[in-house]
Amino acid sequence: MSFCSFFGGEVFQNHFEPGVYVCAKCGYELFSSCSKYAHSSPWPAFTETIHADSVAKRPDHNLPEAFKVSCGRCGNGLGHEFLNDGPKRGQSRF
C-alpha cells in the first residue's frame, strides 16, 4: 500500500473523515479512522490496526526503534511501526 510519495503529495495526511483504510493492493482492512491522529510526519499516523493480523512486522536493522510493516494478507509494504512514538506514553505509531 502506498499512502504517499516521500517528497509530498500525501492526500491522506490531513484527511480525518470516518472510514477504513485498506491495502491498496488486496483491499484488506488495515486501520480505522478512529485510530488516526495528527502527526508531523508526511504520512498518516495510526495507533492500532483493525485486526490482529492486519499487518505483519519484521525488525528494521537500520531503525532499531521501528519495525517494517506490510499487509498481513498480501505482504504489500506499508512503511513502519515506530515504537513509543504514539500520542500517549507507550503507544506506537503506524
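Ser33 lies in the loop between strands β2 (29-32) and β3 (36-37); strands are DSSP runs of E with at least two residues, numbered from the N terminus. The model is predicted: local features need pLDDT of at least 70, side-chain atom pairs count only at pLDDT 80 or more, and totals for chains, interfaces and linings use all residues. Residues are numbered from 1 along each chain as its sequence is written, and side-chain values use heavy atoms, with hydrogens and water left out.

**Surroundings of Ser33**

- Ser33 counts as buried because its relative accessibility is 15%; buried means under 20% relative accessible area, exposed over 50%, and partly exposed in between (1.4 Å probe, protein chains only).
- The Ser33 side chain comes to 2.8 Å from the backbone nitrogen of Gly19.
- Apart from neighbours within four places in sequence, Ser33 is in contact (heavy atoms within 4.5 Å) with Glu17, Pro18, Gly19 and Tyr21.

**Salt bridges**

- There are two salt bridges, each defined as a side-chain nitrogen of Lys or Arg within 4 Å of a carboxyl oxygen of Asp or Glu.
- One of them joins the side chains of Lys57 and Glu81, at 2.8 Å from N to O.
- This pair links distant parts of the chain, with Lys57 in strand β5 (residues 55-59) and Glu81 in strand β7 (residues 77-82), 24 residues apart.
- Lys57 is partly exposed at 45% relative accessibility, whereas Glu81 is buried at 5%.
- Asp85 and Arg93 also meet through their side chains in a salt bridge, at 2.6 Å from N to O.
- Asp85 is partly exposed, with a relative accessible area of 28%, while Arg93 is buried at 9%.

Terms used: Helices (H or I, at least four residues) and strands (E, at least two) are DSSP runs, numbered from the N terminus. A polar contact is a pair of N or O atoms within 3.5 Å; within protein, one must be able to donate a hydrogen and the other to accept it, and residues adjacent in sequence count only if both atoms are side-chain atoms.
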